[in-house]
Amino acid sequence: MYYSSPRLSSVARKRTEEGAEIRGEGSGAGGMVLASDLGRRLAAIRHSQEIALRMRESLAATAQYTLHSSADASGLLALRKRVKSTPGATDITIGDMAAFCAVQALLEFPH
């Protein structure tokens, strides 16, 4: 049986002339990678692996704690409704209001 070299598209042929190598994946230019790209990709993979390792170490070394709590927000919702009904008022979210309250509390009690 006789095998010929792969037929390359014009884009793939141009990339091989620029120094790209066929990886054996995909077809056409999508299955090729420039040698300089390969080094960057390998560095990115090593970087991702290092991040994953550090995250696993952090998970294993720290206590896992989840707090579930609730509070009556009827006053906050009423205030939001009043603010939103003011002519020319911008849309305000519960998160905006909670952040504002947190800042005010920290200003009043910095310690």
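**Salt bridges and a nonpolar patch**

Q: Which residue forms a salt bridge with R54, with the closest N and O atoms 2.7 Å apart?

A: A salt bridge is a side-chain nitrogen of Lys or Arg within 4 Å of a carboxyl oxygen of Asp or Glu. Here R54 pairs with E50, the closest N and O atoms being 2.7 Å apart. This is a predicted model, in which local features need pLDDT of at least 70 and side-chain atom pairs count only at pLDDT 80 or more. Side-chain values use heavy atoms, without hydrogens and water, and residues are numbered from 1 along each chain.

Q: How many salt bridges does this rule give?

A: The count comes to three. E57 also meets R54 in a salt bridge (3.2 Å, N to O), and K84 forms one with D91, the closest N and O atoms being 3.2 Å apart. Salt bridges that share partners join E50, R54 and E57 into one network.

Q: Why does D91 count as exposed?

A: Buried means under 20% relative accessible area, exposed over 50%, and partly exposed in between (1.4 Å probe, protein chains only). D91 is exposed because its relative accessible area is 57%, whereas K84, at 40%, is partly exposed.

Q: Which residues make the nonpolar surface patch?

A: Patches consist of residues with over 30% relative accessible area and no salt bridge; nonpolar side chains (Val, Leu, Ile, Met, Phe, Trp, Tyr) are joined within 5 Å, like charges within 9 Å. L38, L42 and I45 make a nonpolar patch of about 240 Å², with areas from the Shrake-Rupley method and a 1.4 Å probe. L38 counts as partly exposed because its relative accessibility is 34%.
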